[in-house]
Amino acid sequence: MKKNFFRKLSIWATAGLFATSLSASTLETEEGYVPSAENQQSREAFQDDKFGIFLHWGIYSMPAQGEWYMNNANIDRKEYAKLASGFYPSRFNAREWVSAIKASGAKYICLTSRHHDGFSMFHTQYSDYNIVDATPFRRDILKELSDECQKQGIALHLYYSHLDWFREDYYPLGRTGRGTGRTQHGEWKDYYQFMNNQLTELLTNYGPIRAIWFDGWWDHDQDPDFDWQLPEQYAMIHRLQPACLIGNNHHQTPFEGEDIQIFERDLPGENKAGLSGQSISQLPLETCETMNGMWGYKITDQNYKSTKELILYLVNAAGKNANLLMNIGPQPNGELPEVAVQRLKEMGEWMQVYGETIYGTRGGIVKPHDWGVTTQKGNRLFVHILNLPDNGLFLPITQKVKQAVEFKDKSKVKFKQDKQGVLLLFDQIPDEVDYVIELTL
């Protein structure tokens, strides 16, 4: 497949654009990917939700050194696999997980179904290296989580690794996982079939999956001739579940067939982490970030972001028209870390008050500034003041403002408007985490 094929910017941006002319299934045409009506509706729901929780969990939680430990320490794959025989997360409780996440105000969960170490966190018939067949726990945690998500009305997304440090048929090897003891190799066609078989299981046996979240494309980013065969894989996913969204953490402009654009450790338009220099597409956007420093559980990493930092990240993401996928690394015993649960609770308390200014909104007509951001629903503009140096704020709004009130108590806010815009006047400098003003346009 030509390299340029993968770098095309998806033009299927506006929800409902093709709803009147599409049948119930996704179309694959000579001109390219046309998302189905169900897919467009799913994109809208995804954007409305705004907030999700990422769960990086696997047998890598046992050494408690993060999800890249196998690669970073060059652990032989056969030695690493012995972790599975001792993996018994006795305190895993899907109801408690989903309840805690729901209490945070998050609307969806993304679980690592298979990470780069090759271990499957679901019962797959295509490999014995999975949580049911290879561990004494012998429970399909994904099935339990899926059932509970459906009960509590939480959407389920699944992370799936394109690369594998364990299997010999992931060949040619990429730039990672070269020290895991694979002295022989199989064939790519077998590995590609294995992935598609597993993806079929995930989209057939676990109810509605709202998104497949791919990772690992970058393992061959220095080999321009390597063909991941993504178009065929994407088409298969859309055939199995037309509403299922596809995202790929490849750090590139979206490829043909993708439904969301992912930014890692950065808000759209920023590149502080060095992974997000790509242009911003018209697809629904999502930024993923860690609650502490790691994705997978690391026992020495207690550097959790404060509740204020998490709220600001969520608000800034919404102001940039993006979702926030905030990560937690569950412990090897199956519990969510106590600090993470406390952060979820405190975020939920904030969302109970201000959720209306986040859920269902899009980035507002006033672009993000140092003082904060805006979000918008119809003629309601929410001005999120995060860092204002004085007691006045000018907004370049040319539409007539009918009313300005504090969102929390609906008390009126003084303002002046002329042809240049609107000047909000406050009795004192706002000092809240997020001082929200609602303007009616």
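This is a predicted model: local features need pLDDT of at least 70, side-chain atom pairs count only at pLDDT 80 or more; totals for chains, interfaces and linings use all residues.
Which residues form one aromatic cluster? Point 4 gives the list.

1. **Aromatic pairs overall.** A search of the whole structure turns up 30 aromatic pairs. A pair of aromatic rings is described by two things: the distance of the centres and the angle of the planes. Two pairs are worked through next.

2. **Tyr88 and Phe137.** The ring centres of Tyr88 and Phe137 are 5.3 Å apart, and their planes stand at 90 degrees. Planes over 60 degrees apart count as edge-to-face, so this pair is edge-to-face. Now place the partners. Tyr88 is in the loop between α4 (77-80) and α5 (94-103). Phe137 is in the loop between β4 (108-114) and α6 (141-152). The pair therefore ties together parts that are 49 residues apart in sequence. Phe137 has 5% relative accessibility and counts as buried.

3. **Tyr129 and Phe166.** Here the ring centres are 4.2 Å apart and the planes are at 20 degrees. Planes under 30 degrees apart count as stacked, so the pair of Tyr129 and Phe166 is stacked. Tyr129 sits in the loop between β4 and α6. Phe166 sits in the loop between β5 (155-161) and α7 (188-205). This pair ties together parts that are 37 residues apart in sequence. Tyr129 is buried, with a relative accessible area of 9%. Phe166 is buried too, with 17% relative accessibility.

4. **The cluster.** Back to the opening question. One aromatic cluster is formed by Tyr170, Trp188, Tyr191, Tyr192, Phe194, Phe226 and Trp228.

5. **Charges over rings.** Which residue has its charged end over the ring of Tyr359? That residue is Lys107, and its charged end lies 4.7 Å from the ring centre. Arg210 does likewise with Tyr108: the charged end sits over the ring, 5.1 Å from its centre.

6. **Helices α7 and α8.** The axes of α7 and α8 (residues 230-240) come within 10 Å and cross at roughly 20 degrees. Angles under 35 degrees count as roughly parallel, so α7 is roughly parallel to α8. The crossing of α7 past α8 is right-handed. An α-helix has 3.6 residues a turn, so residues three or four places apart point the same way.

7. **How enclosed is α8?** Eight of the 11 residues of α8 are buried, so the helix is largely enclosed by the rest of the structure. The buried ones are Leu230, Pro231, Gln233, Tyr234, Ala235, Met236, Ile237 and His238.

8. **Gln233.** This residue belongs to helix α8. Gln233 is buried, with a relative accessible area of 0%. What does Gln233 touch, not counting residues up to four places away in sequence? The partners are His162, Tyr192, Met195, Asn196, Leu199 and Phe214.

9. **Trp217.** Trp217 lies in the loop between β6 (211-215) and α8. Its relative accessible area is 9%, so Trp217 is buried. Trp217 and Asn248 are 31 residues apart along the chain, yet their C-alpha atoms are separated by 7.9 Å.

10. **Backbone spots to check.** Most residues other than glycine have a negative phi, and most peptide bonds are trans.
   - Tyr171 and Pro172 are joined by a cis peptide bond, with omega about 5 degrees. Pro172 lies in the loop between β5 and α7.
   - Ala64 has a positive phi, near 60 degrees, and is not a glycine. Ala64 is in the loop between β3 (51-55) and α3 (69-72). At 6% relative accessibility, Ala64 is buried.
   - Arg265 also has a positive phi, about 60 degrees, without being a glycine. Arg265 lies in the loop between β8 (261-264) and β9 (285-290). With a relative accessible area of 24%, Arg265 is partly exposed.

Note on methods:
Residues are numbered from 1 along each chain as its sequence is written. Side-chain values use heavy atoms; hydrogens and water are left out. Rings of Phe, Tyr and Trp (its six-membered ring) pair if their centres lie within 6.5 Å; planes under 30 degrees apart count as stacked, over 60 as edge-to-face and the rest as tilted. Helices (H or I, at least four residues) and strands (E, at least two) are DSSP runs, numbered from the N terminus. Buried means under 20% relative accessible area, exposed over 50%, partly exposed in between (1.4 Å probe, protein chains only). A charge sits over a ring if NZ of Lys or CZ of Arg is within 6 Å of the ring centre and within 35 degrees of the ring normal. Axes are lines fitted to C-alpha atoms, for helices over the stretch in contact, and angles run from 0 to 180 degrees between N-to-C directions. Angles under 35 degrees count as roughly parallel, over 145 as roughly antiparallel, 65 to 115 as roughly perpendicular and the rest as oblique. A crossing is left-handed if the near helix is turned anticlockwise from the far one by less than a right angle, and right-handed if clockwise. Contact means heavy atoms within 4.5 Å.
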